[in-house]
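Here's a quick briefing to read with the model open beside you.

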Amino acid sequence: MLHILWLILKFILIILGILLGLLLLAVLLVLFCPVRYKASAVKAEGGWKQIEGEGIVSWLFHGISLRAEWKDQQMEISFHLFGIPVDKLLKKRQEKRTVTKKSGAEKVSVSGTDGNREEEHKKSVVDHPKSENMETEDLKTDRNSASDTSADTERIRNSQISGQQELNADDTDRNSLKKRQFFIKRIYDRIQNIFQLIRTKLQNIRRTFGKIKKNVSWWKAFIEHPRVTAARKLVWKHGKFLLKHIFPTRIEGQVTFSFEDPALTGAALAVLGMTIPFHKNCIQINPRFDSENYLYGNIRAKGRIYGFVPVRAAVSIYFNKNIKYVIKRWKTRRA
């Protein structure tokens, strides 16, 4: 009995060990197996429609790769999993499903239309004579009722007109007095409302200025606090390191350009000179003062991103005491 229990425990421990080993392997791959990327762009002589570009992102020694290509003003995206084109397989399955659905829908529509036609034919044959008799009877009754009502309406109109003429003479004097009183009261109410609105707006402006002063003083004390400055420096330090790590490790290319105005060519050359610290003069820039508008060239770049770099930065920022102080102060801010 003990021997059987020991075998069961041994089997469970072996499975747990395999799972932990796989989990540890996955964590190590995420942290230390880099995500590599490549990008390239080519602009030939001519219009902007002749631009071609390509970008590839791969992981796990190119076992998982995503590729995007821009060519002939069309974007093509492909995803490969250990050499298997997953996107093409999914497209084929969707096409098969659509074909099967269309064939089934056509069969159902054909059978349904035949049955509906037979039922409509039967109903039209049975209900046609009944509808004609009903229409003739309704026309007779409508003519008789119209002749009776016309005489009554003329009598009622004559009596109403005579009564209204008598009442209008008495009501005109009263309405004129009421209109004058209402007009004067309306002007007085409008003037009073305008003064009240001016008072309330002035009070609101004073309150907003007071709130702005309090907010400015609170923000000034918050930013100038020594722990906040230390937290800001820490975030800037890790952010710079992350940008350097993410930036391409290798850049190559050539760019040739010209403008109609030579002054614009010189200004563009000055702006491009500011980008030398990023690509370290790896891109050859060839300005030409030909008094023409053209641009052509090619650029290639590649780099890698290790998972432990952003994880280390996130952990060091999250567990820093100054960062925790800033978060607490931000949550309990009172201006």
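Helices (H or I, at least four residues) and strands (E, at least two) are DSSP runs, numbered from the N terminus. This is a predicted model, where local features need pLDDT of at least 70, side-chain atom pairs count only at pLDDT 80 or more, and totals for chains, interfaces and linings use all residues. Residues are numbered from 1 along each chain as its sequence is written, and side-chain values use heavy atoms, with hydrogens and water left out.

**Charged patch**
- Lys 88, Lys 91, Lys 92, Arg 93, Lys 96, Arg 97 and Lys 101 gather in a patch of positive charge on the surface (residues with over 30% relative accessible area and no salt bridge, like charges being joined within 9 Å; a salt bridge puts a side-chain nitrogen of Lys or Arg within 4 Å of a carboxyl oxygen of Asp or Glu).
- One of them, Arg 93, sits in helix 2 (residues 86-223).
- Arg 93 counts as exposed because its relative accessibility is 57% (exposed is over 50%, buried under 20%, partly exposed in between, with a 1.4 Å probe and protein chains only).

**Nonpolar core**
- The largest nonpolar core has seven residues: Trp 218, Phe 222, Val 228, Ala 231, Leu 234, Ile 323 and Val 326 (a set of buried Ala, Val, Leu, Ile, Met, Phe, Trp, Tyr and Cys residues joined through side-chain atoms within 4.5 Å).

**Positive phi**
- His 62 isn't a glycine, yet its phi is positive at about 65°; look for His 62 in the loop between strand 2 (51-59) and strand 3 (64-71).
- Asp 72, also not a glycine, has a positive phi near 55° and lies in the loop between strand 3 and strand 4 (74-81).

Terms used: Patch = residues over 30% accessible without salt bridge, like charges linked within 9 Å, V, L, I, M, F, W, Y side chains within 5 Å. Areas by Shrake-Rupley, 256 points an atom, 1.4 Å probe, with all protein chains shown as cover. Lys, Arg positive; Asp, Glu negative; His and termini not counted. Charge placed at Lys NZ, Arg CZ, Asp CG, Glu CD.
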